[in-house]
Amino acid sequence: MNKKTLKDINFENKKVILRLDFNVPIENNKITDNTRIKAALETIKYLQNHNAKIIMLSHLGRIKTEADKKTRSLSLVAKKLQELINHRVIFINETRGKNLETAVNNLKAKDLLLIENTRFEDLNGKKESKNDPELGKYWASLGEVFVNDAFGTAHRAHASNVGIATYIKDSCIGFLIEKELTMLNKVVINPERPFVAILGGAKVSDKIDVIKQLLTKADSVLIGGGMAYTFMKALGYKIGKSLVENDKVDLAKELINLGKDKLVLPVDYIAAPEFKDIKGTNTTDQNIADNLMGLDIGTKTEKLFQDKLKSAKTIVWNGPMGVFEMNNFAHGTKAICEAIANLKSAFSLIGGGDSAAAVTKFHYEKKVSFISTGGGASLEYLEGKDLPGITAIKNKN
């Protein structure tokens, strides 16, 4: 990794623009999970210890209408961050303008300033999401150094990451991104074998490239979740009312031919007549009756997958095995969590998103090696793609 890191830059008394991922879940005006705020503390404290003046940016959700702004302000995040870091956080409830510029110019060493949700700029022509050059240039003009520590958006070219990095003199990655890349490289570069990948989630289309890539790298690729039914249809099995991408059946056939014995598909399911948290029926084989839909992997599949994981030395998991949010269809996902947690000598990387939520829900977060903070970004990195938010950062000399 040849990108500049925090240790490569002198921050003494410099205005530092810090892009973080504060995209936290909020319900009834309360933050329900502050993991992402906690993940930012190491970088923030390092900058404070090196007497930087810190200007923080983040997005929060998507902004499509004026009404969205009411529930997507970062003001709650500013309060929570202040509490967690035990230091005053100045919150500016706008994304540009005189108030912001005055506040930035008044900053002293160690001060923390948080700018309003970068995606408020999306209301007028998607300036943030489409990396409007004028906006990137404006935000860059507020500081002297840019630190990107938002791994969750590193696969997107936005004004608040690529834009700022393009128009600022110096830039580096923060501790969180550095750690993410180090951990992902354990999977991407010479993984210890046997290497087992587990892929789930709703759609094959979301994971085509990563399946192809992992079939060339992993020793086994286990497929569960809603995407499995498209593969089962490709093999000619009955899938009842299960989720299926009919336009991806031919592609699933290609992947089956490409993967051969490496691609491991479910051998039974837990099925129910409707998408509700009701007791399901374990199918006897890979066929699902016309009046039922598959909502989890079955007990034989759990055992098959657990057996494949027993000898694994490297594991990457992205996507649940079933509708784990419903108790009746959480067993398969929980079984995978348990199997991974029981492997004391294996390196296990949980690829963000729903898999990370599942590991946390079932209290296995301390028994896995690493939980990525960026589902989409970690997937694209595993696919071998460049992440624009990181590519834009200056290289070490």
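**Figure 1. Lys276 and its salt bridge to Glu274.** Lys276 has a relative accessible area of 45% and counts as partly exposed (buried is under 20%, exposed over 50%, partly exposed in between, with a 1.4 Å probe and protein chains only). The side chain of Lys276 meets that of Glu274 in a salt bridge, at 3.8 Å from N to O (a salt bridge is a side-chain nitrogen of Lys or Arg within 4 Å of a carboxyl oxygen of Asp or Glu). Glu274 is also partly exposed, at 36% relative accessible area. The model is a predicted one, in which local features need pLDDT of at least 70 and side-chain atom pairs count only at pLDDT 80 or more, whereas totals for chains, interfaces and linings use all residues. Residues are numbered from 1 along each chain as its sequence is written, and side-chain values use heavy atoms, with hydrogens and water left out.

**Figure 2. Surroundings of Phe275.** Phe275 is placed in the loop between β12 (269-272) and β13 (281-282) (helices, H or I of at least four residues, and strands, E of at least two, are DSSP runs numbered from the N terminus). Leaving out residues up to four places away in sequence, Phe275 touches Met293, Leu295, Val323 and Met326 (contact means heavy atoms within 4.5 Å). From Phe275 to Ile168 the C-alpha to C-alpha distance is 50 Å, and the two are 107 residues apart in sequence.

**Figure 3. The salt bridge of Arg36 and Asp21.** The structure holds 16 salt bridges, and one of them joins Arg36 to Asp21, with 3.6 Å between the closest N and O atoms. Arg36 belongs to helix α1 (residues 35-49) and Asp21 to the loop between β1 (15-19) and β2 (26-27), so the pair ties together parts that are 15 residues apart in sequence. Arg36 is partly exposed, with a relative accessible area of 28%, while Asp21 is buried at 7%.

**Figure 4. A salt-bridge network of Arg96, Glu121 and Glu134.** Side chains of opposite charge can pair when their charged atoms come close. The relative accessible area of Arg96 is 26%, which is partly exposed. Glu121 is also linked into the network.

**Figure 5. A patch of positive charge on the surface.** Arg62, Lys64, Lys126, Lys130 and Arg156 gather here. Patches are made of residues with over 30% relative accessible area and no salt bridge, like charges being joined within 9 Å and nonpolar side chains (Val, Leu, Ile, Met, Phe, Trp, Tyr) within 5 Å. Lys and Arg count as positive and Asp and Glu as negative, with His and the chain ends not counted. A charge is placed at NZ of Lys, CZ of Arg, CG of Asp or CD of Glu. Accessible areas come from the Shrake-Rupley method with a 1.4 Å probe, and for residues only the protein chains shown count as cover. Lys126, one of the patch residues, lies in the loop between β6 (112-115) and α5 (133-141). Lys126 is partly exposed at 44% relative accessible area, and its phi is positive, about 50°, although it is not a glycine.

**Figure 6. The buried residues of helix α3.** Helix α3 covers residues 75-85, and Leu76, Val77, Ala78, Leu81 and Ile85 are buried in it. An α-helix has 3.6 residues a turn, so residues three or four places apart point the same way. The buried residues of α3 pack against β2, β3 (30-31), α1, β4 (53-57), β5 and β6. Asn86 follows α3 and has a positive phi, near 60°.

**Figure 7. Contacts of His155.** His155 is in the loop between β7 (145-148) and α6 (159-167). With a relative accessible area of 12%, His155 is buried. Apart from neighbours within four places in sequence, His155 is in contact with Gly376, Ala377, Glu380, Leu387 and Pro388.

**Figure 8. Backbone at Pro194 and at Asn13.** The peptide bond from Arg193 to Pro194 is cis, with omega near 0°. Pro194 is in the loop between α7 (175-188) and β9 (195-199). Asn13, in the segment before β1, has a positive phi near 60° and is not a glycine. Asn13 is partly exposed, at 45% relative accessibility.
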